[in-house]
Protein chains: 4
Amino acid sequence: MTKTPVAIVGATGYTGVEILKILLRHPRAEVASLTAKVDGTIKIQDEFPELKGSLDMDCSPVDTEAVCRKAEIVFLSLPHTVSMRFAPAFLKAGKKVIDLSADYRFPRKEDYESWYGSPHADPEGLSHAVYGLPELFRERVKKAKLIANPGCFPTGAILSIFPAAQAGLLASPEAIVDAKSGVTGAGRKASLALLFPEVNENFKAYSLTSHKHTPEIAGVLSAALGKEMRVEFAPHLLPVNRGILSTIYLKLAADASEEALLDLYRRRYGNEPFIRIYPKGALPQLREAVGTNNCLIGLKFNPRTKNLILVAAIDNLLKGAAGQAVQNMNIMQGWEESAGLR
Amino acid sequence: MTKTPVAIVGATGYTGVEILKILLRHPRAEVASLTAKVDGTIKIQDEFPELKGSLDMDCSPVDTEAVCRKAEIVFLSLPHTVSMRFAPAFLKAGKKVIDLSADYRFPRKEDYESWYGSPHADPEGLSHAVYGLPELFRERVKKAKLIANPGCFPTGAILSIFPAAQAGLLASPEAIVDAKSGVTGAGRKASLALLFPEVNENFKAYSLTSHKHTPEIAGVLSAALGKEMRVEFAPHLLPVNRGILSTIYLKLAADASEEALLDLYRRRYGNEPFIRIYPKGALPQLREAVGTNNCLIGLKFNPRTKNLILVAAIDNLLKGAAGQAVQNMNIMQGWEESAGLR
Amino acid sequence: MTKTPVAIVGATGYTGVEILKILLRHPRAEVASLTAKVDGTIKIQDEFPELKGSLDMDCSPVDTEAVCRKAEIVFLSLPHTVSMRFAPAFLKAGKKVIDLSADYRFPRKEDYESWYGSPHADPEGLSHAVYGLPELFRERVKKAKLIANPGCFPTGAILSIFPAAQAGLLASPEAIVDAKSGVTGAGRKASLALLFPEVNENFKAYSLTSHKHTPEIAGVLSAALGKEMRVEFAPHLLPVNRGILSTIYLKLAADASEEALLDLYRRRYGNEPFIRIYPKGALPQLREAVGTNNCLIGLKFNPRTKNLILVAAIDNLLKGAAGQAVQNMNIMQGWEESAGLR
Amino acid sequence: MTKTPVAIVGATGYTGVEILKILLRHPRAEVASLTAKVDGTIKIQDEFPELKGSLDMDCSPVDTEAVCRKAEIVFLSLPHTVSMRFAPAFLKAGKKVIDLSADYRFPRKEDYESWYGSPHADPEGLSHAVYGLPELFRERVKKAKLIANPGCFPTGAILSIFPAAQAGLLASPEAIVDAKSGVTGAGRKASLALLFPEVNENFKAYSLTSHKHTPEIAGVLSAALGKEMRVEFAPHLLPVNRGILSTIYLKLAADASEEALLDLYRRRYGNEPFIRIYPKGALPQLREAVGTNNCLIGLKFNPRTKNLILVAAIDNLLKGAAGQAVQNMNIMQGWEESAGLR
């Protein structure tokens, strides 16, 4: 069986190299092209020495036509506003595109432009892009040509909030999402604020009330529920390499038992290959998600306050980025959904 | 000027040794007795080598009478339910007692007994103990004989919530306190869950809806406000040594400007030696509090959700324990409030 | 093809659970028995939640006869002096035993007894045990019934020193091994010295001149070389979870080029599945070894001092313990040497 | 008593801001000028929020004449090759200069030029600069106009090696210095290699055989001893913020008791305010030095190998840079040597 050739555009970021590592063990796909913003052609294993011995491959500046000749599926692991300049050419050449930036995550051009402060360069692409959260939109993903791979924070938040909201349990259409992310979530760029001594033995909130994942969480939930949902999203920077743990507060309209709530979540996600609902009394810890493509969900209900508290944990580079991107590829191709992801 | 002799009962915990370190540089007090649960007499500097060169002092099992002969002020740095067995003897001998456990923090015996699951051994002491949060109760602290030193989580939470609640700004009498604490907050005890490999590269929520600091925060706020306040308190364990950063969500009844809110906080705490209100647009980071006795407070208001989000940071061993205990001693003795604490 | 049933005696330590994780993906072996020093029967996945979803298995106190009925191969992941009390019964029952303690690493009973301060309980076992370092002793491992799995520090040290020493390059029969280990190397036991706040932001040397791995390194090298080798072994505790990086100093008798030295190492280890010799100018970093069963080796030669400096990195729980144990099992069984280890 | 005005040129690096923090509590000196490579004038407390409340001060691009008008003592906290372009103007204006770069650490211009690969711009300054290691060169420091403040690694290494070498105990004139440094030792510059995810859970050796502190250690020791000393210096990067711990190996000519060796060290450094010799059986840990201006020294002797192993720990930003710089200032000014440093 020949493998399907795949390109990674933007291979030298934390997400790009993670896609590469997954594809190295994928039974159906193989990496045919690596490109990045580099000076001339480099060896990818010189940039990431842990690849030595597994791989010997060039990485060059992106040349759209060369990529099209080599690959049938293209992962765009590029900064926001850059992806939408590359996607149209690949789509036009008939390639399937999985974009890991935010460029195609908003159905309405205006929303993108107001939150990202930049005109959208590809409204055409936007009109048929599919938000690649398989647990909510698997049928659409199957037929998609262009996937907007979800943001790392939205993945865990949306998956946790959706069942309770859909079941009509909320007293008010609002969710508070207090999220804590490891440092690779910020990308691999030289920045004073991300130096070891600035992050280690420290912890901080950032972008309160204004983080760009706020409208993504609220927008996707509102669309999926068919009614408006408000989100207070508060991200924090954890001194760990990987993982996001979010603590989510929902006010319920009536008392509920934890058993019944867990049952609701288990029914909603029972057959999902990458969702684990924790049993009563147990909550996921960050490290239990790290290194996996799972979204772990646990919950507590407080009868004194009528708050449902959800704890969701994912690996920001896997279920929050590269792993989910490969999961989307598997679905688009009709392959086993967990291929390469165990 | 002779210095006032002080005893530390429970000197080998993280909090006990922190009191000791503060007192080493205190202009008016000096350590006259160190006791702890040890086998025979040890040298405190053998247990904490960083003290070598500054101090050569014995630490023995506690002998109440011997402590009374040596000291006029007694810090009890003992586990919950143990403090209340020692405090009465010191009080009877006319000593001033500053207790760092939870044993005297609840005005009503029943509340203590229901949350701590143990009968209260000293209802007499409970009846005249003063909750030692100087910024709210300084006048009472001045006259106290027995101080219930506040818990680490309640200190930052109460100080942050109080001004907005007192000003009548809240739409509902509820606060969500999402708190993140360094590991020394759990005390210095050999435990699998606190081993380096269990905490490092990890993050978790714990005791959701049931943490014993919940009734302390709610009770103190309710008493200070003269009306019921509900608290959803969610603690998390951070992979850092010291510090607590809490993100607090309050629903306001009406729109408010951040300037006006900051002004309210600055007026309430303007002259406080250990409170720093951050300017508009700035939020405290954990490390800016670590090593100080300060409580740092910053805020954001979200007009879309009408949530006031407060971020409070303290050093759990200083303003959250040993530092605040010394601050209370200074006030009780009529000394400069910041003596030993800069 | 039916899988060979395997027992892990001592399954709740860091090493025991690591063997379990490897065997979960092993094509030829399967775990048939888990035992440990536990109160009654527990579920292993309750102790290690990251196993949930992959495994549902009991772990009980060890019962030698029950283990013998279930398993053909027994991994002993027990403390020193405990292994030798269990091994004889398994050997007598015809089981192959792979012992991860130090109990069978010394050919001479007297050496064991003088360094471990305890009489040896199984001189018979000692007489036919094989030191399980496949790169040096593969032929003996093939025929062994009882494997003494090497210590974590000796593995990297011996593999790095051997080729230069064997080639007769040393000016004096002495190696300085300055080793730095992650915290899991100390085992999973509740201990004040291993609490997060004691290790984090700290670094220390320990057991200088007296660490029990000193005679193991020196003894194995001396035996393999057929001449006496002295070792100055200096271990240090790193604030990381996993991995050992050793910097090794050898005084050469004459000038040597790095090319020629690397060539020597490449020739010695050319076909080894788990050794990587780094190219000229490159040195292994700790994280490049973590998560793999590889021993990474790099070197520099200093013409001013005639010192050959070797840098060796392994994962202490894999090549330094569980991974090497499985590698030994594979060799003993005639299976592919890397089965379960990629 | 008026305080002496001081300038910090290069105030926004880790070392510059550390000098500033020390001077804030100095009884005799006060900061009169802060300059750095900044765009226009900034507030130093905006760059380092932990200064808020203690300080409100501008930091501007350096203007030599303006600095000369304001300050009598100038700390140069600049990169190598930059300091020597600024020092001459300050010296000419009669200022005392303490340079924290390597520019004035080599008595011979040729040595500097061969190791730093750059012509020396101020041979005149070089000819009268004094190497500011007070424990070896206090008398020269007293009269100096220009101090070459020692490198962080050389400080601990030289202080540890000197007594044994001076006493004629060495079998050969060689020291192996295996040094491990926290990340602030690399300076505060945006660099991929210093990002949190690259350093955390990692450890590596770097610049083996070629680090520029090698000739500094060897040169200073050789000059102080009056005979050639060779040094194998191997630095490593630790995942901690601050501190250097070096493990040093010296081959002795004859057996020696640890008591006698410790006695030698205690006699040599008995009255030194910033050196602590650890008692027999005890070794310094990194955190015992962090936050202090002390150099901590412990030792072990191995009769089997005749190696004397020294362990030295300092805070790289204090005794390894800013603290030692202030110590030198105190000596030059005839002030109490520990002013500002306890």
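## Interface between chain C and chain D

Buried area is the accessible area that two parts lose on being put together, summed over both. In this predicted model, chain C and chain D bury about 3,600 Å² between them, and carbon and sulfur atoms give 55% of that area. On the chain C side, the residues that lose the most area to chain D are C:Glu201, C:Phe203 and C:Arg287, which together make up 16% of what that side buries.

The contact draws 41 residues from chain C and 41 residues from chain D.

## Polar and charged pairs

Between chain C and chain D there are 34 residue pairs in polar contact. The count of salt bridges between these chains is six. In one salt bridge, the side chain of C:Lys180 meets that of D:Asp178, at 3.1 Å from N to O.

## Elements on the chain C side

Several elements of chain C each supply at least two residues to the side that touches chain D, among them β9 (170-181), β12 (244-252), α12 (286-289) and β14 (295-302). β11(C) gives the most, with five residues. By class, this side of chain C has 18 nonpolar, ten polar and 13 charged residues.

## Cysteines

Zero disulfides are found over all chains. The sulfur of C:Cys295 has its closest cysteine sulfur in C:Cys152, 12 Å away, and that is too far for a bond. D:Cys295 is likewise in no disulfide, with the sulfur of D:Cys152 nearest at 12 Å.

C:Cys295 counts as buried because its relative accessibility is 0%. D:Cys295 also counts as buried, at 0% relative accessibility.

How values were computed: Residues are numbered from 1 along each chain as its sequence is written. Chains are lettered from A and ligands numbered from 1 in the order in which they are written. This is a predicted model: local features need pLDDT of at least 70, side-chain atom pairs count only at pLDDT 80 or more; totals for chains, interfaces and linings use all residues. Side-chain values use heavy atoms; hydrogens and water are left out. A disulfide is a pair of cysteine sulfur atoms within 2.5 Å. Buried means under 20% relative accessible area, exposed over 50%, partly exposed in between (1.4 Å probe, protein chains only). Contact means heavy atoms within 4.5 Å. Buried area is the accessible area (1.4 Å probe) that two parts lose on being put together, summed over both. A salt bridge is a side-chain nitrogen of Lys or Arg within 4 Å of a carboxyl oxygen of Asp or Glu. A polar contact is a pair of N or O atoms within 3.5 Å; within protein, one must be able to donate a hydrogen and the other to accept it, and residues adjacent in sequence count only if both atoms are side-chain atoms. Helices (H or I, at least four residues) and strands (E, at least two) are DSSP runs, numbered from the N terminus. Ala, Val, Leu, Ile, Met, Phe, Trp, Tyr, Cys and Pro count as nonpolar, Asp, Glu, Lys and Arg as charged, and the others, Gly among them, as polar.
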